[in-house]
Amino acid sequence: MKRTAVGATLLLLLPLTGCGGSASAGGDGSTVTVTVGYQSKTINTVTAGTLLRSLGAFEDELDALHDGHTYKVDWQDYATGAPITAQMTAGKIDIGSMGDFPLLINAARGRQLNRPTRLVSVTGYNLRGGLNTIVTATDSTIGSLAGLKGKKVSTSIGSAADGTLIRALQRAGVDPDKGIQKLNQQPAVGASALSAGSADALSQFVAWPGLLTYQGKAKALYDGAELNLPTFHGVTAREDFAEERPAVLEAFLRAQAKATDYLGAHPVSAAEKVAEATGLPAEVVYLYNGAHGISTFDPAIKPQLVAALKQDVAVLKTAKLTGDVDVDAFVDDQYVRNALGATYAEHLATRPAAAAGEVWPKGARQTRTFKSPAQLLSYVAGHKAAIRAVYVPDTTTGTLWFADKAVWVNDDDRLLPFVAPATAKAYVTGHTGARVITYADVLRRAS
């Protein structure tokens with residue numbers, strides 16, 4: 001017998017019975033096992049998961065502790081944050097990474113079961129909300145959020161992408177509960193449902209919208225950055241683990257900072273490492289994690305992200321996924337401050353890179369950056385056979401997207417890219433003479 005989507009999520013919030021697990025990192029005295037839950041394909045968390053594991057930075061930091069223990073890291077890979085939270089509250093995962101909405105459920109669940117957790121750092125963020133996207137099948141005639149009324153929309157209830165869906169529908173005047181048929185599905189299941197036609201749209205987090213678009217299986221309907229509300233992923237740790245082994249947690253956060261530095265210094269190599277570990281195309285990884293990608297990586301817990309988290313509580317409460325969450329009690333930056341030391345203030349002050357287009361030439365170890373679409377398109381038109389991927393920022397939101405998948409507008413001979421048709425249409429409506437043209441026409445005009 002199938003459970004309803006909301007019922008299944010509420011079940012997750014009921015008290016557990018018969019759970020085992022140590023209250024601290026497992027070990028036999030001299031050997032300590034630290035269990036890390038991560039989401040390999042949620043590439044907004046790579047500095048606390050996939051890339052970090054690939055670099056071996058955490059193991060190196062643990063070896064450098066010289067505290068009489070031998071450390072072993074048990075990396076556990078999951079598709080979403082919900083099972084990581086379940087394992088943490090059972091005492092079986094010490095450190096985990098997940099999106100902002102799952103983080104709040106993690107906080108509520110931990111408090112409910114007297115297994116409190118703490119938000120100890122941030123992985124990747126987007127200050128406008130561009131990490132989540134709603135997509136439709138490539139042959140879909142749905143051109144706006146209003147077109148989703150009565151349609152089947154796949155998402156993972158309680159995820160950051162679900163939060164984007166709820167807010168976007170509300171702004172469009174569509175009841176997120178009664179106006180659509182919401183399907184509670186894992187990202188991979190939702191992707192299959194979209195391809196099979198059993199879902200009309202899919203709202204998901206990185207890297208699923210970009211992956212499906214890159215593969216020619218979907219097209220963007222709504223850019224989450226239109227909400228202009230920050231979204232992020234972060235690292236959470238069990239309170240008892242953090243208090244018992246603060247040096248281990250700080251070693252993890254120092255390792256995360258090293259992975260972040262590596263990502264910033266070697267974005268192409270980092271994308272290829274993540275691609276090798278996950279099976280995702282490197283071109284898709286770079287869309288999000290590149291030099292001007294949709295995600296900005298920094299472990300500091302920025303005030304604007306905490307403020308956004310507080311706004312998210314109301315959405316989860318309305319959806320009956322949590323009660324009140326004391327965000328200030330959940331956020332605990334003492335460990336990342338200790339890990340980063342005097343540089344923490346610099347991390348707090350960092351800002352995302354300015355929007356820019358990028359071209360990834362075949363065989364190149366770095367991309368070429370262009371300040372304007374005209375410059376980028378002129379280069380692409382002259383090097384078509386030698387290009388691996390082309391990325392352009394949305395004219396309105398700055399969200400990076402694949403140039404050949406963007407919606408292009410010609411306005412007085414200016415060629416302007418947009419992620420979604422609705423934003424392109426809004427621009428055309430407000431600019432006399434502007435019109436949508438194909439990417440092939442764009443390249444012909446640029447050559």
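The expected span of a helix is taken as 1.5 Å times one less than its number of residues, with helices (H or I, at least four residues) and strands (E, at least two) being DSSP runs numbered from the N terminus. The model is predicted, so local features need pLDDT of at least 70 and side-chain atom pairs count only at pLDDT 80 or more, while totals for chains, interfaces and linings use all residues. Residues are numbered from 1 along each chain as its sequence is written, and side-chain values use heavy atoms, leaving out hydrogens and water.

After H5 comes Asn-114, with a positive phi near 55 degrees.

Further along, four strands make an open antiparallel sheet in the order E14-E13-E15-E16, where pairing takes at least two DSSP bridges between two strands. Strands E14 (368–370) and E16 (400–402) sit at the edges, each pairing on one side only. Strand E15 (residues 387–393) pairs with E16 over three bridges, in the antiparallel sense. Tyr-391 has Phe-402 of E16 as its bridge partner.

Helix H19 (residues 439–446) buries Tyr-439, Val-442, Leu-443 and Ala-446. These cover an arc (directions from the helix axis to the C-beta atoms) of only 95 degrees, so they lie on the same side of H19. They pack (heavy atoms within 4.5 Å) against helix H17 (373–382) and strands E17 (407–411), E18 (414–418) and E19 (435–437).

Conventions: Buried means under 20% relative accessible area, exposed over 50%, partly exposed in between (1.4 Å probe, protein chains only).
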